[in-house]
Amino acid sequence: MNAFRYERPSDALGAIALHAPRAQYIAGGTNLLDLMKDDVETPELIIDISRLPYSAIESSEAGVRVGALARMSDVADDIAVASRFPIVAEALLAGASPQLRNMATIGGNILQRTRCAYFRDPSQVCNKREAGSGCAALGGVNRMHAVIGASDDCIATNPSDLAVALTAVDAIVHVQGRAGEERAIPITDFYLLPGTTPRRENVLEPGDLIIAVEIPASAVAHNSTYLKIRDRASYEFALVSVGAGLERTGGVVRAARIVLGGVAPKPWRVSEAEARIVGTSGDAGAIDAAADAAIDGMRGYGENDFKIELVRRAVVRALQTVAA
Ligand code: SF4
């Protein structure tokens with residue numbers, strides 16, 4: 001690990017003013033410290049934002065506003081979140097061990113970096129770590145990698161379970177920028193595909209500070225679930241995950257959300273699959289049709305070909321849960 005300076009500002013504007021090209025914000029530190037130990041991240045300045053006043057969880061009729069520094073465990077245990085947004089609570093509980101949930105923050109969770117092993121090994125080529133160096137995963141071990149949304153420069157997946165759930169409920173990310181202005185970014189616009197610039201993973205500008213995540217109330221969110229398929233029951237990232245929600249009245253599905261995780265560089269909403277189940281009774285035939293649509297356009301890279309059928313089956317199971 002390289003030597004670095006450490007600052008702990010007392011307000012957001014002070015934190016933003018300290019930000020510089022080789023500075024990093026830190027809160028829970030559960031992702032950044034790992035990357036620093038591996039020499040993947042080598043900041044000259046660490047700006048500790050953990051004491052800024054952004055840890056409240058506020059519930060209203062319109063939804064829930066979660067401070068960016070709220071801990072995963074506090075949000076998962078919040079009664080309003082668990083009862084009105086079960087998909088969010090389930091994703092948080094599936095997303096990390098209890099020890100990590102007690103440290104990791106909501107803002108940090110949605111910014112966590114990929115688990116691609118080559119990204120975390122500076123002896124390997126990786127376009128995300130070093131632009132133009134190549135992608136070792138393309139011809140290497142790619143069992144965990146993307147089957148949709150990837151590019152010839154990067155096939156890594158986004159590892160955040162929470163981001164999948166937040167995408168399914170149309171969450172909004174609130175950001176404070178360099179000039180002190182606050183911006184509201186729909187999470188569906190927050191993440192970027194790798195294209196030829198895989199290092200840039202989201203729309204944040206240098207110095208931007210996430211201050212809150214707003215989760216609007218909806219019938220789909222109320223009847224939702226998060227299904228995570230992984231190699232072992234805990235302390236493991238998703239091979240495939242599905243965030244699903246249905247609004248059904250009078251025996252007819254009025255609205256649906258199906259978002260995939262573990263298969264793309266960002267949470268992958270499958271609108272075509274949603275369209276196959278809206279207007280039906282949510283019967284087995286409609287669920288099968290939605291699952292078939294969910295895998296349309298997917299391609300594997302050898303070791304991860306199995307994910308495509310796994311997605312189809314996971315979508316069926318998640319939709320059966322919310323249709324029951
Ligand atoms: Fe790097 Fe992306 Fe290739 Fe992994 S998949 S080695 S993160 S460029």
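User: How does the lining of the second largest cavity divide by class?

Analyst: The general idea first: rolling a probe the size of a water molecule over the atoms shows where empty space is left. In this predicted model, the lining of the second largest cavity has 10 nonpolar, three polar and two charged residues. About 80 Å³ of space lies in this second largest cavity. Its lining holds 15 residues, and C116, C126, K128, C135 and C154 are the closest to its centre.

User: What takes up the space of the second largest cavity?

Analyst: The ligand does: the space it takes is the second largest cavity.

User: Which residues come nearest to the ligand?

Analyst: There are 15 residues around the ligand, and C116, C126, C135, D153 and C154 come nearest. By class, this shell has 11 nonpolar, two polar and two charged residues. Cys counts as nonpolar in this scheme, so read the nonpolar class with that in mind.

User: How many cavities of 30 Å³ or more are there, and what lines the largest cavity?

Analyst: The count comes to two cavities of 30 Å³ or more. The largest cavity has a volume of about 160 Å³. Its lining is made of 18 residues, with K128, T157, N158, E201 and P265 nearest the centre. Nine of the lining residues of the largest cavity are nonpolar, five are polar and four are charged.

User: How do I read a pocket, and what is the volume of the second largest pocket?

Analyst: A cavity is a set of points from which the probe cannot get out, whereas a pocket is an open set. The second largest pocket has a volume of about 320 Å³. It is lined by 23 residues, of which R115, C116, M144, T157 and F237 are the closest to its centre. The lining of this pocket divides into 11 nonpolar, eight polar and four charged residues.

User: On to the sheets. In what order do the strands of the five-stranded sheet lie?

Analyst: In general, strands of a sheet pair through backbone hydrogen bonds, either parallel or antiparallel. Here five strands form an open sheet in the order β4-β5-β8-β6-β7, with antiparallel pairing. At the edges are β4 (57-60) and β7 (182-186), each of which pairs on one side only. On average, neighbouring strands of this sheet are turned by 20° against each other, direction ignored.

User: Which strands does β6 pair with?

Analyst: One partner is β8: strand β6 (residues 172-176) and strand β8 (residues 209-216) pair in the antiparallel sense over five bridges. Within that pairing, I172 has E214 in β8 as its bridge partner. The other partner is β7, which runs antiparallel to β6 and is joined to it by five bridges. There, V175 has R183 in β7 as its bridge partner.

User: What is the strand order in the four-stranded sheet?

Analyst: This open sheet runs β9-β10-β11-β12, and the pairing is antiparallel. Its edge strands are β9 (224-229) and β12 (268-269), each pairing on one side only. Strand β10 (residues 240-249) is joined by nine bridges to strand β11 (residues 252-261), and the two run antiparallel. E247 stands opposite A255 in β11. When following such a pair into its neighbours, recall that in a regular strand the side chains alternate between the two faces of the sheet.

Technical notes. Residues numbered from 1 in each chain as written. Predicted model: local features only at pLDDT ≥ 70, side-chain atom pairs only at ≥ 80, totals over all residues. Heavy atoms only, no water. Near = heavy atom within 4 Å. 1 Å grid on protein atoms, 1.4 Å probe; cavity = no way out; pocket = protein on both sides within 12 Å on 5 of 7 lines; lining within 4 Å. Sits in = over half its atoms within 2 Å of the grid points. Points joined across faces, edges and corners; volume = space filled by probe spheres on them. Pairing = 2+ DSSP bridges. Axes fitted to C-alpha atoms, helices over the stretch in contact; angles between N-to-C directions.
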